[in-house]
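Work through these exercises with the structure open beside you. Try each task before you read its solution.

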Amino acid sequence: MTTVHEPATAADLLVWPASAAEPVRGDLTVGGVPLAEVAGRFGTPVYVLDEAEVRDRCRTYRDAFPDAEVLYAAKAFLCRAMAHWTAEEGLGLDVCSAGELELAVTTGFPPERIVLHGNAKSPHDLDAALRLGVGRVVIDSPAEIARLAAAVGPDGHQRVMVRVVPGISAGGHEKIRTGTDDQKFGLSIADGHAQYAIARILDQPQLELTGLHCHLGSQITSVKPYLVAVRRMVGLMARLYEQHGLVLPELDLGGGHGIAYRPGEAALDLTALARKVRAELADSCATAGLPLPRLIIEPGRAIAGPAGIALYRVLSVKHTGGHVFVAVDGGMSDNPRPALYGVRYAPRLIGRPGSAERARVTVVGRHCEAGDVLAADVELPADTRLGDLLAVPVAGAYHLSMASGYNLVGRPPVVAVRDGLARLLVRRESLEDIRGRDVGL
C-alpha cells in the first residue's frame with residue numbers, strides 16, 4: 001500500500017497527461033500548475049486542458065500517418081483555442097454543424113481544410129458550408145444530394161464524399177456503434193443505397209465526388225475492424241470503377257480510436273493501426289487494380305480526451321444502506337457519459353495527502369437523478385471529507401461538448417495549462433447568461 005509520504009509513480013499517473021506530476025503527496029500538477037491552485041483561482045467544477053498534451057497528440061498522429069490527412073473531430077471538444085492549436089499542428093477539422101464550422105472559421109481555421117458531417121444537415125448547415133467555402137461535404141442521405149446541388153447552383157462547385165455503411169459492428173457500447181445497417185448514419189453497401197446515391201451524385205456536374213467515407217463507431221481498441229473496413233470500401237471502389245470508370249482519390253476511415261479511462265484498460269495501438277491499415281490498403285488496391293487513394297482519418301477523443309481533467313469540490317459524504325456516497329458540485333450536467341454509456345472513471349483526491357487507508361465509494365453528482373453517478377465503486381482515501389478536491393482524468397472529450405443546462409447550474413469553465421501558467425479559455429456560464437436567454441414572462 002502506498003504510504004502518505006511517497007509521491008505518485010508513473011503507473012499511478014498512467015492515464016493522466018504526460019506533464020502530470022506529484023512532487024509532494026497530494027499536490028498534483030499538470031502543465032507545471034498545481035491543480036488545487038486552478039480550483040482555488042477559477043472555482044469548481046472546472047475543466048483543465050493541457051495544451052502541450054493536445055499538441056503532442058496531434059503530432060503523434062501526423063508522425064504515424066505522414067501521408068494521410070488527419071482531421072480533428074470537433075464534436076469531441078471545440079473552442080477557439082482548440083481550433084487554433086490543431087490548425088498550427090497541421091490537422092484539418094471535421095465539424096457536424098454550422099455552429100462548429102462558424103466558430104472554427106471565425107477563429108482563422110482555413111475552411112478548405114474543414115469537412116462537414118452530419119446525418120441530418122439543416123439548410124442552415126449547408127448554406128454556411130457553401131458561404132464559408134468548406135473543403136468537403138459528406139453526403140449522408142439521398143435528400144442531401146438534390147438539396148446541396150440546388151444550393152450550389154448550376155455554375156457552382158462543391159467537393160463531396162459519401163458516407164458508406166460497411167456493415168461492421170465495432171465500438172465500446174451499442175449506442176456508439178455506427179458501422180452497422182441498423183442505425184441512422186450513412187448509406188448501406190448491402191442494400192445498394194450507397195451505390196444509388198453515388199450514381200445520383202455523378203449526374204450533378206456541380207458536385208465533385210472525391211471519395212468514400214465510413215465511421216465504424218467509438219472507443220474501438222482493436223485494429224481488425226479497420227482492416228475489414230478497408231477491404232469492403234476498396235471492394236466498393238472497384239465496383240464503381242467497373243460501372244462508371246470512376247477512380248476515387250480519397251478514402252476516409254473516420255475515427256473512433258479507443259483510449260484508456262482507467263489504468264489497465266485497453267487503448268488502440270496507433271502505430272499498429274497505421275502500419276496495418278497502410279499494408280491492407282496497398283494489398284486491396286493492388287488486387288483490385290486501383291491506384292492508392294489518399295487516406296483520411298478523424299481522431300477526436302484520442303486527441304482531446306487524455307489532455308483534460310475535471311475538478312470537483314466534495315459537498316457531502318453520506319453513509320447509507322451499506323454504501324458510501326461522495327457527492328460533488330458537478331455531475332451529469334457537465335459529464336453525461338456515465339449515465340449514457342455506463343463509462344467508468346478513476347477519480348483522485350488532490351490538494352492534500354489523504355489517509356493511507358482506502359474506502360470503496362461511489363462518487364455522485366448534485367443533480368436530481370438517481371443515475372447522476374460520476375464514478376461507481378471506486379477507491380478513495382477513507383478520510384475523504386467535505387471541502388476536499390477530486391480530480392477526474394481523461395475528461396477532455398465529450399464532457400463540455402455534451403454538457404447541458406440541467407437544474408440551471410451553469411456549464412463549467414475551461415482552463416488551459418502550460419509551462420507553469422494557467423489561462424481561461426471558456427468562462428463559466430453564469431446565472432446572468434441563463435436569465436438573458438429567458439425573454440418571456
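About 80 Å³ of space lies in the largest cavity. This is a predicted model: local features need pLDDT of at least 70, side-chain atom pairs count only at pLDDT 80 or more, and totals for chains, interfaces and linings use all residues. Residues are numbered from 1 along each chain as its sequence is written, and side-chain values use heavy atoms, with hydrogens and water left out.

**Exercise 1. Find what lines the largest cavity.**

Step 1. On a 1 Å grid over the protein atoms alone, a cavity is a set of points where a 1.4 Å probe fits but cannot get out; lining residues have an atom within 4 Å of a point. A volume is the space filled by probe spheres set on the points, which are joined across faces, edges and corners.

Step 2. Count. There are five cavities of 30 Å³ or more.

Step 3. Look at the lining. The largest cavity has 13 lining residues. Nearest its centre lie Tyr 47, Leu 49, Phe 77, Ala 395 and Gly 396.

Step 4. Assign the strands. Strands (E, at least two residues) and helices (H or I, at least four) are DSSP runs, numbered from the N terminus. S4 and S14 each supply at least two lining residues. S4 gives the largest share, three residues.

**Exercise 2. Trace the partners of strand S14 (residues 308-320).**

Step 1. Recall the rule: two strands pair if DSSP finds at least two bridges between them.

Step 2. Start with S4 (residues 46-50). S4 pairs with S14 in the antiparallel sense over four bridges. Val 48 stands opposite Ile 309.

Step 3. Move to S19 (residues 389-393). Five bridges join S19 to S14, again antiparallel. Here Tyr 312 has Leu 390 as its bridge partner.

Step 4. Finish with S15 (residues 323-328). S15 and S14 run antiparallel, joined by six bridges. Ser 316 is partnered by Ala 327.

**Exercise 3. Which residues of helix H6 (residues 142-152) are buried, and where do they sit?**

Step 1. Set the cut-offs: buried means under 20% relative accessible area, exposed over 50%, partly exposed in between (1.4 Å probe, protein chains only).

Step 2. List them. Glu 144, Ile 145, Leu 148, Ala 149 and Val 152 are buried. They cover an arc of only 125° around the axis, so they lie on the same side of H6. The arc is that of the directions from the helix axis to the C-beta atoms.

Step 3. An α-helix has 3.6 residues a turn, so residues three or four places apart point the same way.

Step 4. Find the cover. Among the elements over these buried residues are helix H5 (123-132), strand S9 (158-165) and helix H7 (193-202).

Step 5. Check the end. Just after H6, Gly 153 takes a positive phi of about 85°.

**Exercise 4. Describe the surroundings of Arg 262.**

Step 1. Locate Arg 262. The loop between strand S12 (250-252) and helix H9 (270-288) holds Arg 262.

Step 2. List contacts (heavy atoms within 4.5 Å). Not counting residues up to four places away in sequence, Arg 262 touches Val 15, Arg 344, Tyr 345 and Ala 346.

Step 3. Compare sequence and space. Arg 262 and Val 15 are 247 residues apart along the chain, yet their C-alpha atoms are separated by 6.2 Å.

Note on methods: 1 Å grid on protein atoms, 1.4 Å probe; cavity = no way out; pocket = protein on both sides within 12 Å on 5 of 7 lines; lining within 4 Å.
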